[in-house]
Amino acid sequence: MTRTSPSSRVLLVLLWLVGINLRTVILSVPPALPALHHTLRLSYSAGGLLTSMPVLIMAAGSIPGAYLVSRVGARQAVTYGLVLVAAGAALRGAFPNAAALFIFTVVLSLGIAVSQPAVPSLVQSWLPGRIGRGIAIYTNGLFVGEVIAATITLPFLISPLGWQGALAVWAVPAGVGLGLWLAFTPATKASGQTGAPWFPQWRSGPVLRIGLLMGTASIVYYGMNSWIPDTLDARHAHNLIPLTLGVLNAMQLPVSLVLALAGDALVGRRWPFLVAALAAVVGVSGYILAPVETAPLWAGLAGAGSSSAFILNLGLPALMAPSEVARTTGLILTLGYGAAFFGPALGGFAWDWSGQFRFALLPMALGALAMIGLGATLPRLSVSARARPAASAAES
């Protein structure tokens with residue numbers, strides 16, 4: 001008996017839930033750091049490693065994730081990823097020691113790494129006429145997951161549950177999401193195309209260009225998140241840190257909602273990238289040069305520009321390489337998260353070398369400027385360029 005195919009709305013909700021669960025398990029850690037320092041005597045350097053390690057693993061694991069998609073199919077890759085996320089989240093809170101905390105953070109990070117390259121393939125296969133909307137709703141889930149974990153972990157979970165319970169509880173929604181994924185996503189029979197090429201096309205100019213565009217957008221977003229607290233503190237505006245960080249990150253939500261409505265008409269076009277890049281340039285420049293009292297305004301522009309580019313970029317592999325979406329997505333995520341890990345560090349070296357806080361923001365300014373050139377030279381893609389999705393994209 002054949003199961004009835006779910007509606008596009010159900011699929012969009014499931015992709016949104018996947019996005020949420022790929023971020024709550026990461027962003028629940030920073031609010032728990034004070035408790036970890038006190039209970040486990042975790043050093044500040046170890047705490048920094050714990051929060052940055054998932055980004056590095058997502059960068060290193062995106063290409064192996066594309067390999068997994070080529071072997072088992074995109075739907076099954078997400079299934080395996082959610083299993084690792086749920087298991088890692090539960091087990092890292094099960095043992096009151098730092099070793100288990102780090103080991104199972106690696107496990108759940110690997111789950112995220114193998115899931116992310118698969119999602120654009122599924123959007124292309126399940127929603128070929130709504131690629132822009134599908135990607136925007138999935139990334140809205142990522143952003144909502146970040147906000148949920150960052151806002152409720154400390155005030156509502158740490159006190160009643162302790163750090164172990166506060167971290168382990170995020171396994172529950174991940175497990176629920178896994179159950180819904182298995183119950184309602186279409187499982188198709190494997191085909192000969194499952195063994196499609198998976199190793200990234202490093203020598204492909206167009207593919208490398210969209211990967212670099214993802215990297216520059218990531219430098220802007222993660223770099224601003226990294227350096228807003230210290231640079232505002234250096235400018236004697238410590239009181240502006242919560243508002244400025246809040247505006248930077250909150251801009252992701254309206255941007256993703258707008259692109260969920262208009263993304264199908266925008267994905268594949270150059271001018272939305274140029275608008276996003278200009279917003280990032282103005283935002284970073286204003287943050288560096290304008291009076292410190294206006295910092296939240298400029299941070300909001302930088303957040304809107306970088307998040308717009310991130311969302312639009314995830315829709316490009318389905319247009320550029322319809323039969324190799326996971327392969328292309330793996331490359332752009334590797335470059336994007338690699339830049340997110342290493343880019344902010346360059347700002348720290350520049351600050352130490354110069355003694356001026358503005359030099360910490362130089363990589364973000366250069367990244368925003370590079371977004372303009374990369375956006376202006378993107379391959380011309382259009383809705384009509386979408387090829388019929390490859391059969392392997394939705395294999396179970």
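This is a predicted model: local features need pLDDT of at least 70, side-chain atom pairs count only at pLDDT 80 or more; totals for chains, interfaces and linings use all residues.

Biologist: Which residue meets the side chain of Glu146 in a salt bridge?

Modeller: The structure holds 1 salt bridge. One side of the pair, Glu146, belongs to helix α7 (residues 131-168), and its partner sits in helix α1 (residues 8-27), 123 residues apart, so that distant parts of the chain are linked. The N to O distance is 3.6 Å, and the partner is Arg23.

Biologist: Why does Arg23 count as buried?

Modeller: The cut-off for a buried residue is under 20% relative accessible area. Arg23 counts as buried because its relative accessibility is 3%.

Biologist: Where is Val169 placed, and which residues is Val169 in contact with, leaving aside its neighbours within four places in sequence?

Modeller: Val169 lies in the loop between α7 and α8 (171-184). With 29% relative accessibility, Val169 counts as partly exposed. Its C-alpha atom is separated by 25 Å from that of Val119, 50 residues apart along the chain. Apart from neighbours within four places in sequence, the contacts of Val169 are Leu157 and Leu161.

Biologist: How many Å apart are the end C-alpha atoms of helix α5?

Modeller: Helix α5 covers residues 98-115, which is 18 residues. At 1.5 Å a residue, the helix should span 26 Å. The model agrees with this expectation, because the end C-alpha atoms of α5 are separated by 26 Å.

Biologist: Which residue caps the N-terminal end of α5?

Modeller: The cap involves a side-chain oxygen placed 3.3 Å from the backbone nitrogen of Ala99. The residue that supplies this oxygen is Asn97.

Biologist: What covers the buried residues of α5?

Modeller: The buried residues of α5 include Leu101, Phe102, Phe104, Leu108, Ile112 and Val114. Their cover includes α1, α2 (33-40), α3 (44-72), α4 (74-92), α6 (118-126) and α7.

Biologist: Which residues have the most contacts inside the largest nonpolar core?

Modeller: In soluble globular proteins, nonpolar side chains tend to be buried together. Here the largest nonpolar core has 120 residues, and its largest share, 13 residues, comes from α7. Leu232 touches residues including Leu240, Ile241, Tyr287 and Val292, not counting residues up to four places away in sequence. The residues with the most contacts inside the core are Leu50, Trp181, Met224 and Leu232.

Biologist: How do the rings of Tyr221 and Tyr222 pair?

Modeller: A search of the whole structure finds 6 aromatic pairs. In one of them, the ring centres of Tyr221 and Tyr222 are 5.1 Å apart and the planes stand at 80°. Planes over 60 degrees apart count as edge-to-face. The pairing of Tyr221 and Tyr222 is therefore edge-to-face.

Biologist: Which residue pairs with Trp353, and is that partner buried or partly exposed?

Modeller: Trp353 is exposed, at 70% relative accessibility. Its ring forms an edge-to-face pair with that of Phe359, with centres 6.2 Å apart and planes at 70°.

Biologist: What covers the buried residues of α16?

Modeller: Helix α16 (residues 362-376) has 15 residues and reaches 22 Å from its first C-alpha to its last, close to the 21 Å expected. Its buried residues include Pro363, Met364, Met371 and Leu374. Their cover includes α9 (205-234), α12 (271-289), α13 (295-314) and α15 (325-354).

Biologist: How many residues of α13 are buried?

Modeller: Helix α13 has 20 residues, and its end C-alpha atoms are 29 Å apart, in agreement with the 28 Å it should span. The helix is largely enclosed by the rest of the structure, because its buried residues number 18 of the 20.

Biologist: What is the phi of His236?

Modeller: Most residues other than glycine have a negative phi. His236 lies in the loop between α9 and α10 (241-250) and is exposed, with a relative accessible area of 76%. Although His236 is not a glycine, its phi is positive, at about 60°.

Technical notes
Residues are numbered from 1 along each chain as its sequence is written. Side-chain values use heavy atoms; hydrogens and water are left out. A salt bridge is a side-chain nitrogen of Lys or Arg within 4 Å of a carboxyl oxygen of Asp or Glu. Helices (H or I, at least four residues) and strands (E, at least two) are DSSP runs, numbered from the N terminus. Buried means under 20% relative accessible area, exposed over 50%, partly exposed in between (1.4 Å probe, protein chains only). Contact means heavy atoms within 4.5 Å. The expected span of a helix is 1.5 Å times one less than its number of residues. A polar contact is a pair of N or O atoms within 3.5 Å; within protein, one must be able to donate a hydrogen and the other to accept it, and residues adjacent in sequence count only if both atoms are side-chain atoms. A nonpolar core is a set of buried Ala, Val, Leu, Ile, Met, Phe, Trp, Tyr and Cys residues joined through side-chain atoms within 4.5 Å. Rings of Phe, Tyr and Trp (its six-membered ring) pair if their centres lie within 6.5 Å; planes under 30 degrees apart count as stacked, over 60 as edge-to-face and the rest as tilted.
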